[in-house]
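Here are my notes on this one, jotted down as I went through it. Have the model open beside you while you read.

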Amino acid sequence: MIISRRKLIVSGLTATAGAAGLAAAARLAQKYGLIPPDHGGIYGPGETLTYATQRLLTRHSLAREFSRSQISPRPFPNEQAPPTEEFKRHQATGFVDWRLSVDGMVHQAGAFSLADLKSFPSRSHITELTCEEGWSYIAEWIGTPLSHVLNLAGVQPQARYVMYSSMEPDSWDSIDMADALHPQTLICYGMNGSDLPVPHGGPLRMRVPRQIGYKNVKFITRLTVTDSLKNFGNGCGAIGCEYGYAWYTGI
């Protein structure tokens with residue numbers, strides 16, 4: 001019987017975690033470049049094992065999609081900070097001056113308006129935004145694939161992550177290239193057939209349906225492509241990690 005390299009690695013990770021502890025499993029994950037940015041600290045080995053195993057087993061898997069009849073009638077937008085004066089100015093003009101900048105390890109940095117993004121190929125999917133606090137709901141999400149924007153910018157081959165930040169103060173996160181290039185990951189500008197409502201992150205939010213809700217940052221204004229997250233915040237990959245949340249939250 002022929003065993004694939006992927007199965008061998010997964011088996012090794014699992015066996016090592018059980019027999020010699022999580023630290024040894026982390027060393028094996030490091031050998032294959034599967035170490036998440038929040039690998040330090042007391043929970044680091046566990047975060048590493050989760051990320052490495054899921055990446056090997058579910059790299060190309062799709063988040064579950066639902067029928068239109070299953071869309072939640074009253075989706076809860078969750079907490080958001082009061083709008084800033086700058087945001088109010090954008091809102092008053094219909095967000096015509098809103099820009100999403102792309103920089104970092106790309107061949108052509110630039111900025112895209114809402115009109116630009118809406119002129120690109122669009123995709124929609126009906127998926128669940130899964131909130132760990134229980135405010136989950138199913139909605140139709142409409143936007144342009146993040147992969148399309150990254151392809152226009154020309155991602156350099158050594159890039160490993162995309163950091164995305166919000167107009168909200170201290171609101172940012174990041175994903176690896178597997179999620180960034182995944183066909184369901186959207187720069188979302190629409191919801192349930194209309195423009196994305198402001199309480200749900202309009203005019204733009206990141207939609208990463210294979211990860212938990214807090215990875216889906218609202219009001220995004222910037223994408224930075226990078227090979228390391230050490231220079232962002234405290235280096236663990238997301239503002240949430242600085243408050244005890246995991247960087248990788250695959251569902």
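1. Start with Lys88, which is partly exposed with a relative accessible area of 39%. Keep in mind that this is a predicted model. Lys88 pairs with Glu85 in a salt bridge, and the closest N and O atoms are 3.4 Å apart. Glu85 is exposed, at a relative accessible area of 53%. Both sit in helix α4, and because they are 3 residues apart there, about one helical turn separates them.

2. Now for a pair that reaches further along the chain. Asp103 and Arg222 form a salt bridge, with 3.0 Å between the closest N and O atoms. Asp103 is in strand β1 and Arg222 in strand β10, so this pair ties together parts 119 residues apart in sequence. Asp103 counts as partly exposed at 21% relative accessibility, and Arg222 is partly exposed as well, with a relative accessible area of 34%.

3. Is Thr224 buried or exposed? Thr224 is buried, with a relative accessible area of 5%. Thr224 belongs to strand β10, residues 220-226. Leaving aside residues up to four places away in sequence, Thr224 touches Asp103, Gly104, Tyr161, Val162, Met163 and Phe232.

4. Another link between distant parts of the chain is Glu65 with Arg123, 58 residues apart. Their salt bridge has its closest N and O atoms 3.7 Å apart. Glu65 lies in the loop between α3 and α4, while Arg123 is in strand β3. Glu65 is partly exposed at a relative accessible area of 38%, and Arg123 counts as partly exposed at 26%.

5. How many salt bridges are there by this rule? The count comes to 9. Have a look, too, at Arg55, Asp176, Asp179 and Arg210, which are linked in a network of salt bridges.

6. On to the nonpolar side. The largest nonpolar core has 34 residues, and Leu117, Ile187, Leu204 and Leu223 touch the most other members. Elements giving two or more residues to this core include β1, α5, β7 and β10. Helix α6 gives the most, with 4 residues.

7. Take Leu117 as a way in: not counting residues up to four places away in sequence, Leu117 touches Leu100, Phe112, Thr144, Val149, Ile187, Tyr189 and Leu204. There is also a second, separate core of 12 residues, with Tyr161, Trp172, Phe232 and Ile239 among them.

Methods
Residues are numbered from 1 along each chain as its sequence is written. This is a predicted model: local features need pLDDT of at least 70, side-chain atom pairs count only at pLDDT 80 or more; totals for chains, interfaces and linings use all residues. Side-chain values use heavy atoms; hydrogens and water are left out. Buried means under 20% relative accessible area, exposed over 50%, partly exposed in between (1.4 Å probe, protein chains only). Contact means heavy atoms within 4.5 Å. A nonpolar core is a set of buried Ala, Val, Leu, Ile, Met, Phe, Trp, Tyr and Cys residues joined through side-chain atoms within 4.5 Å. A salt bridge is a side-chain nitrogen of Lys or Arg within 4 Å of a carboxyl oxygen of Asp or Glu.
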